[in-house]
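Please look over the fold, the charged side chains and the surface of the protein shown here. A short report follows the display.

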Amino acid sequence: MGIKFGREYKDIVADFMRGIALVDGFYDLFEMTEEEWQELTNEEQEECLQTLADDIFYGLGSSPVMQVGVGTVRHDPSNHVLKVHDGEKLVSVIYLV
């Protein structure tokens, strides 16, 4: 099905990366501990987050909710946004248009 968007994809992904980084335990998806994540360079962390944001974005096209660490990412098509939750707390809203 896919997610419809009107903004530049690179801008959406940049916002999405920042949102995902706010979720406790997001690095679990890389099968890393927090210590292992912290040992990566900033460039390596950014590359991993970009890959994760891309993968989740495309995954949301077929499943509107995905687990990330202790939180979730939700596609809200009626409002044209992605919502990032850390546990129950909304930590980021990414606008698609």
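## Overall fold

This is a predicted model. Its secondary structure consists of three helices and four strands. Read from the N terminus, the order is α-α-α-β-β-β-β. The radius of gyration is 13 Å, close to the 13 Å that the globule rule gives for 97 residues, so the protein is as compact as a globular protein of that length.

Along the principal axes, the C-alpha atoms fill a box of roughly 40 × 25 × 20 Å. Of the 97 residues, 38% are buried.

## Salt bridges

The count of salt bridges comes to four. Arg-7, Asp-15 and Arg-18 are linked in a network of such bridges. Asp-15 meets Arg-7 at 2.8 Å, N to O. Asp-15 also pairs with Arg-18, where the closest N and O atoms are 2.4 Å apart. Arg-18 and Asp-15 are three residues apart in helix α1, which means that about one helical turn separates them.

How exposed are the members of this network? Asp-15 is partly exposed, with a relative accessible area of 23%. Arg-7 is partly exposed too, at 22%. Arg-18 counts as exposed, at 51% relative accessibility.

Another salt bridge joins the side chains of Lys-83 and Asp-76, at 3.2 Å from N to O. Lys-83 is partly exposed, with 27% relative accessibility. Asp-76 has 13% relative accessibility. Buried means under 20%, so Asp-76 counts as buried.

## Surface patches

Acidic residues gather in a patch of negative charge on the surface. Its members are Asp-24, Asp-28, Glu-34, Glu-35, Glu-36 and Glu-39. Asp-24 sits in the loop between α1 (9-20) and α2 (34-39). Its relative accessible area is 45%, and Asp-24 is therefore partly exposed.

A nonpolar patch is also found on the surface. Leu-90, Val-93 and Tyr-95 form this patch, and together they have about 280 Å² of accessible area. Val-93 belongs to strand β4, residues 89-95. Val-93 is partly exposed, at 32% relative accessibility.

## Positive phi angles

Glu-31 is not a glycine, yet its phi is positive, at about 55 degrees. Where is Glu-31 found? Glu-31 lies in the loop between α1 and α2. Its relative accessibility is 74%, so Glu-31 counts as exposed.

His-80 also has a positive phi in a residue other than glycine, near 55 degrees. His-80 is placed in the loop between β2 (71-76) and β3 (81-86). At 38% relative accessibility, His-80 counts as partly exposed.

## A contact across the sequence

Gln-67 is part of strand β1, which covers residues 65-68. Is Gln-67 buried or exposed? Its relative accessibility is 51%. The cut-off for exposed is over 50%, so Gln-67 counts as exposed.

Gln-67 and Leu-29 are 38 residues apart along the chain. Their C-alpha atoms are separated by 9.4 Å.

How values were computed: Residues numbered from 1 in each chain as written. Predicted model: local features only at pLDDT ≥ 70, side-chain atom pairs only at ≥ 80, totals over all residues. Heavy atoms only, no water. Patch = residues over 30% accessible without salt bridge, like charges linked within 9 Å, V, L, I, M, F, W, Y side chains within 5 Å. Areas by Shrake-Rupley, 256 points an atom, 1.4 Å probe, with all protein chains shown as cover. Lys, Arg positive; Asp, Glu negative; His and termini not counted. Charge placed at Lys NZ, Arg CZ, Asp CG, Glu CD. Helix = DSSP H or I, 4+ residues; strand = E, 2+ residues; numbered from the N terminus. Buried < 20%, exposed > 50% of the residue type's maximum accessible area, 1.4 Å probe, protein only. Rg over C-alpha atoms; globule rule 2.2 N^0.38 Å.
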